[in-house]
Protein chains: 2
Amino acid sequence: MVKKKETKALDTTTEEKIKAAARVVFHKKGYAATRTRDIAGEAGINLALLNYYFRSKEKLFETIMFETVFGFMQNMALVLNDEKSSLEKKVELIASYYIDFITKEPNIPIFMLSEIRNNNAGGLLERLPIKQLVMNSAFFKQHQEAVAKGKIAEPNPLHFLMNLLSLVVFPFIAMPLLQGIGGLNEKQFNQLMQERKRLIPVWIKAMMKAK
Amino acid sequence: MVKKKETKALDTTTEEKIKAAARVVFHKKGYAATRTRDIAGEAGINLALLNYYFRSKEKLFETIMFETVFGFMQNMALVLNDEKSSLEKKVELIASYYIDFITKEPNIPIFMLSEIRNNNAGGLLERLPIKQLVMNSAFFKQHQEAVAKGKIAEPNPLHFLMNLLSLVVFPFIAMPLLQGIGGLNEKQFNQLMQERKRLIPVWIKAMMKAK
DNA sequence: GTCTATAGGGGGATAGAC
DNA sequence: GTCTATCCCCCTATAGAC
């Protein structure tokens, strides 16, 4: 649509600068509270230029939203579908990867979840093959096998997945509350999350045998 | 500030109608996306009247936000501080109560958490004595005792609390995603949550012994 | 207390010069 | 491609009649 960088030195095309700024502001404030002027300011460019590259606030948002959700999901997809790693290993990998990821981008979970709730993000969930991705994954097959062998008590794989995501993601979403309760600063909070990389796999293992 | 109902038949004073409407709209869309016109419409009154009762959108929001957070917390406070019930019982009570509560009001968790993140909700967290409430609770004392007796492996009570809240609250926040993954309708989703009333206490018990 | 009408300002988008 | 200036709608809030 606009000039295509051939071998542009650093990814500092204007388009990329605007997207980077939009990511920051949208992730932090959400669609409704974001002012296009703030994005332009953050990007160090003029408001008119934003509309030149992306026709509207909404188009820009859709771009950012799609890339954010896609970026979040793709690692999950990779891990869940790896035939070689065990179920235990998958739990470890997901806990470890996402705790680091969200520590760096702490606004992403609540951003995604609240925007998806508000407007279903323009049918984003329908466009991404989430259901097949998860339901046909090696993860689900391994879970079924473990249930069949009596190694896992709770037969519903959705509970398994919910539990894993809950333990990994929720503390970040509730961070301000937990910092308030525990009187933690950011560093101490992150330290707690690092501990959870080791703890969550242990916990999940114990939970799933219980009945 | 306005007329005080003496023994008003049903709580259908205009003020209460506006607040009820504001709750619905704010909880669903959040502060920034809410239009005062929508609230007035939902309440079946005129826009001007809204400003007559509550001086501004922000004042109305603060009222709703405070009552929402307070309403959410007060049961937690009651349960956590009950000296008579055991730690196990507390877990049961919280899981059971909040699963029912959030099933009826599914927008509340993400509403509270995203508004608190956005603007700290006008220092709401500082005004409510959350920290003392939790840190001095019977819940925390019982947790410490259990750790001392070797009944609980993980000594940090924040992990315990995070885990409990995660398992209870997160599935609701991620509901659209989980419905997409599992292909569930609302009824089936609620069924899953009902199962968790029984499962979460079992899981928590198993987790906390694990190391 | 409740309404209609309108002021006032903010924010998304565009025209047009460079 | 990038800027300045500006349009215009929408939203909050208020004035004033009843």
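The structure holds 1 cavity of 30 Å³ or more. On a 1 Å grid over the protein atoms alone, a cavity is a set of points where a 1.4 Å probe fits but cannot get out. This is a predicted model, so local features need pLDDT of at least 70 and side-chain atom pairs count only at pLDDT 80 or more, while totals for chains, interfaces and linings use all residues. Residues are numbered from 1 along each chain as its sequence is written, chains are lettered from A and ligands numbered from 1 in the order in which they are written, and side-chain values use heavy atoms, without hydrogens and water.

The largest cavity has a volume of about 210 Å³. A volume is the space filled by probe spheres set on the grid points, which are joined across faces, edges and corners. Lining residues have an atom within 4 Å of a point. Here there are 18, and the closest to the centre are A:L177, B:F72, B:M73, B:M76 and B:L165. Helix 4 of chain B gives the largest share of this lining, 4 residues. Helices are DSSP runs (H or I, at least four residues), numbered from the N terminus. What kind of residues line the largest cavity: nonpolar, polar or charged? The lining has 18 nonpolar, no polar and no charged residues. Ala, Val, Leu, Ile, Met, Phe, Trp, Tyr, Cys and Pro count as nonpolar, Asp, Glu, Lys and Arg as charged, and the others, Gly among them, as polar.

Now turn to the largest pocket. A pocket is an open set of points with protein on both sides within 12 Å along at least five of seven lines. The largest pocket has about 770 Å³ of space. Its lining counts 33 residues, with A:K29, A:G30, A:N118, B:K29 and B:N118 nearest the centre. This lining divides into 12 nonpolar, 12 polar and 9 charged residues.

Last, look at chain A. Its domain assignment, automatic or from a database, gives domain 1 (12-55) and domain 2 (66-209). Between them, domain 1 of chain A and domain 2 of chain A bury about 540 Å². Buried area is the accessible area (1.4 Å probe) that two parts lose on being put together, summed over both. A:K19, A:H27 and A:Y31 supply 72% of the area that domain 1 of chain A buries against domain 2 of chain A. The side chain of A:K19 also forms a salt bridge with that of A:E67 (2.8 Å, N to O). A salt bridge is a side-chain nitrogen of Lys or Arg within 4 Å of a carboxyl oxygen of Asp or Glu.

Terms used:
Helix = DSSP H or I, 4+ residues; strand = E, 2+ residues; numbered from the N terminus.
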